[in-house]
Amino acid sequence: MTDHQHSPGDSPKTNGFIPGLIKGLATTARTLATPSHTAEYPDVQPHLPPRTRGVIALLEENCTSCMLCARECPDWCIYIDSHKETLPATTEGGRERQRNVLDRFAIDFSLCMYCGICIEVCPFDALHWSPEFEYAELNILDLLHEKDRLGEWMPTVPAPSALDPRSADPQEVAAANKPPRTAPERRQ
Amino acid sequence: MLEVVLRSLGVLAAFLVLPLVVGQTEHKVMAHMQGRLGPMYAGGFHGWAQLVADGVKFVQKEDITPRAADRWVFKLAPAVALVPYLVALAVIPLSATVVAADVGAGVLFVLAASAVGILGLLMAGWSSANKYALLGGMRAAAQLLSYELPLVLSVASVALAAGTVSLTGIADAWHPLWLVWQLPGALVFLIAAVAELQRPPFDMPVADSEIVMGPFTEYTGLRFAFFLLSEYAGIVVMSLLFAVLFLGGWRGPFSGVLGPVWTLLKGALISVLIIWLRVSWPRLREDQLQRLAWLVLVPLALAQLALTAGWVVLSSP
């Protein structure tokens, strides 16, 4: 193909129809000789890149029911119910603590547009992209998946890809390596 | 009597098996030429039973006859298109001894029989009461009439060279030199045969992008399948005929034992070539098609005939 480059303005030469016909035969013969690229999907699983947006998985322990994902979701497909529990003080005379307990976390995949904003916005890494994609349903109502189902996809989440060479340390490592704060010097 | 029955059954078996083999070959070869895999599931191994599955599907389809159609003509047309190829197949020899019916004027018989198939297309096009079917039928008639002439002329050339119109006689008289000096005639025969079969690039009569499916537009189920089968039976007949007339039929190493194998092998080669042409070339327009027949093929075939005649006259004592 590259040996027939014409300069702009130079009209392509007509070689007659016989060379064209032979070229057609040669092209099909060459394609016949090369293996086809067909992915035999149901028999052979596809090789999906690690960042594939297949489904959103939930790591329930990390969720604090902060509602950030539900509020940022452009089509409001995340449902969260939670209640507050009071934990007794661990030391005598200590203060009682309160924490959120997640009752319901559901994503309606018939509404979800796979934008990934919920995953971006989650401050505690409770939501993850999973390459899993075989969760089609016959009824559109069955696409509303509760936290149990979302948690089942968690093992399919691939490990995060390695950092680029000479990039900055990840936040957790940088925080751990920071020298401890020293007490401010008191003025005498 | 028993022998006649056995021979007829043999022809029928070949008629039912060979077109399916060619069809399956087309499925797979065309797929790989287009970078696909083709059928992979039917039958287990690389979809070998795809056409059997297609046949089962066609049998289950409703057989519809349009209300305005000419009922009997409409229903008879697939048979008229299909049976001539069965008859033609009966006289094509696989070797000097393996032939169902050794007709003396075999060449004439094959050409006459395969020409009857045109009537089936015309009947289908006219009786369907559909403008696309009518257009397709008219195109088919025009095309088949035009290409019948170069076909007959090129066959006449080899018959002249061999000095006989018997198919076994022509294959016996064949000489490797024929590959050279009968080459123009062979090319004309091949092109005219592809046009007779209405295969791409000569598929103007059934051009699906313009006139739906030409004469077959109104057909469903088994009758439609018969038209398709007749196309592939036609490929088998024309390929074997080409092998016998121009490639020496059963000539080859160990032709005493392997004669039929050689004929089938050469025929298979031509069938693959016909499939290859379909995949590679664009469809000819109606006027280009007629121009090719009358301005290129007929003069070429006549020149070949003159050359052969001169050779025969000069070489005869």
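**A walk through chains A and B**

Let's start at B:Gly117, which touches B:Ala81, B:Pro84, B:Tyr85 and B:Ser230, leaving aside residues up to four places away in sequence; touching, or being in contact, means that the C-beta atoms, placed from the backbone, lie within 7 Å. The model is predicted, so local features need pLDDT of at least 70 and side-chain atom pairs count only at pLDDT 80 or more, while totals for chains, interfaces and linings use all residues. Residues are numbered from 1 along each chain as its sequence is written, and chains are lettered from A and ligands numbered from 1 in the order in which they are written.

B:Gly117 sits in helix H4 (residues 106-127) of chain B. Helices here are DSSP runs of H or I with at least four residues, strands are runs of E with at least two, and both are numbered from the N terminus. Because B:Gly117 has 26 C-beta neighbours inside 10 Å, it counts as buried (20 or more is buried, 12 or fewer exposed, in between partly exposed, with C-beta atoms placed from the backbone).

Next, have a look at helix H5 (residues 131-162) of chain B. Its 32 residues should span 46 Å at 1.5 Å a residue, and its end C-alpha atoms are 46 Å apart, so the two values agree; the expected span is 1.5 Å times one less than the number of residues. Just after H5(B), B:Gly163 has a positive phi of about 75°.

Now for a pair of helices. H2 (residues 50-60) and H10 (residues 221-246) of chain B pack at about 140°, with axes 6 Å apart. The axes are lines fitted to C-alpha atoms over the stretch in contact, and angles run from 0 to 180 degrees between N-to-C directions. H2(B) and H10(B) are therefore oblique (under 35 degrees is roughly parallel, over 145 roughly antiparallel, 65 to 115 roughly perpendicular, and the rest oblique). B:Gly55, B:Phe58 and B:Val59 of H2(B) meet B:Gly221, B:Leu222, B:Phe224 and B:Ala225 of H10(B).

Over in chain A, 3 strands make an open antiparallel sheet in the order S2-S3-S5. S2 (78-87) and S5 (144-145) are at the edges with a single partner strand each, so one side of each has no neighbour in the sheet. S2(A) pairs with S3 (residues 97-108) of chain A over 10 bridges (pairing needs at least two DSSP bridges). A:Asp81 stands opposite A:Arg104 in S3(A).

Finally, the chains meet through 9 residues from chain A and 11 from chain B.

Definitions and conventions
Two residues are in contact if their C-beta atoms, placed from the backbone, lie within 7 Å.
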